[in-house]
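Please examine the chain shown below before reading on. The paragraphs that follow lead through its elements one after another.

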Amino acid sequence: MTDTQRSGAGPSTGVPFATTGVPRLGRGVKFRYDRARERHVLLLPETVVVLNATGTAILELCDGVRTVADIVEALREQYGDVPEGQVVAYLAKLAERRHLEIIDG
C-alpha cells in the first residue's frame, strides 16, 4: 500500500444505507487541510487520503449531525444540481474503506 491515495467519487460499492443515515468520520480518522499539498486530506494510521474538491465539499458537511439527505440538500444549495446517487456512492466508498461511519438515522 502506498502512503498516499487519491479519493474521488466512483461507482457504488454496495454499502447500503438510508439517506436518513448520519455520516461521521471513522475511528482514528482526521480531516485536515495539508499546507504542503494545498488540499484537504484524511489522515489515517499509516495512510493519507488526498481529497479532490468534490470530496472536500462533501466531507466538510459530514459533521455527525447532518443526514445524507441534509448533505445532498446543502450541496444543491451551494452548487445547484447535485445527483444524490453520486454523493451516496462517494459516501459508500468511504464507509467501505472505514474512513466514515454511517449511523442509522
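Two strands are said to pair if DSSP finds at least two bridges between them. Helices (H or I, at least four residues) and strands (E, at least two) are themselves DSSP runs, numbered from the N terminus. The model is a predicted one, in which local features need pLDDT of at least 70 and side-chain atom pairs count only at pLDDT 80 or more, while totals for chains, interfaces and linings use all residues. Residues are numbered from 1 along each chain as its sequence is written, and side-chain values use heavy atoms, with hydrogens and water left out.

The chain contains three helices and six strands. Read from the N terminus on, these elements follow the order β-β-β-β-β-α-α-α-β. Of the 105 residues, 41% count as buried, a term that stands for under 20% relative accessible area, with exposed meaning over 50% and partly exposed the range in between (1.4 Å probe, protein chains only). A contact is defined by heavy atoms within 4.5 Å. Among contacts between residues at least 6 apart in sequence, 62% join residues at least 24 apart.

Consider now a pair of strands. Strand S3 (residues 30–34) and strand S4 (residues 39–44) run antiparallel and are joined by five bridges. Within this pair, Arg 32 stands opposite Val 41 of S4. The two strands form a hairpin with four residues between them, and in the turn Glu 38 has a positive phi of about 55 degrees.

Helix H1 (residues 53–60) may be considered next. Which of its residues are buried? They are Gly 55, Thr 56, Ala 57, Ile 58 and Leu 59. Thr 56 in particular counts as buried because its relative accessible area is 10%. Leaving out residues up to four places away in sequence, Thr 56 touches Phe 31, His 40 and Leu 51. At the start of H1, a side-chain oxygen of Asn 52 comes to within 3.2 Å of the backbone nitrogen of Thr 54. For a polar contact, a pair of N or O atoms must lie within 3.5 Å; within protein, one must be able to donate a hydrogen and the other to accept it, and residues adjacent in sequence count only if both atoms are side-chain atoms.

The loop between H1 and helix H2 (68–79) holds Thr 67. This residue is buried, with a relative accessible area of 17%. The side chain of Thr 67 reaches the backbone nitrogen of Asp 70 at 3.0 Å. Apart from neighbours within four places in sequence, Thr 67 is in contact with Thr 19, Thr 20, Gly 21, Val 22 and Pro 23.

The last topic is a pair of helices. H2 and helix H3 (residues 84–96) pack at an angle of about 125 degrees, with their axes 10 Å apart. That angle makes H2 oblique to H3. The contact is made by Val 68, Ile 71, Val 72, Leu 75 and Arg 76 of H2 and by Glu 84, Val 87, Val 88 and Leu 91 of H3. Axes are lines fitted to C-alpha atoms, for helices over the stretch in contact, and angles run from 0 to 180 degrees between N-to-C directions. Angles under 35 degrees count as roughly parallel, over 145 as roughly antiparallel, 65 to 115 as roughly perpendicular and the rest as oblique.

Glu 84 of H3 counts as partly exposed, at 33% relative accessibility. Beyond its neighbours within four places in sequence, Glu 84 is in contact with Thr 19, Val 72 and Arg 76. The C-alpha atoms of Glu 84 and Thr 19 are separated by 9.1 Å, although these residues are 65 residues apart along the chain.
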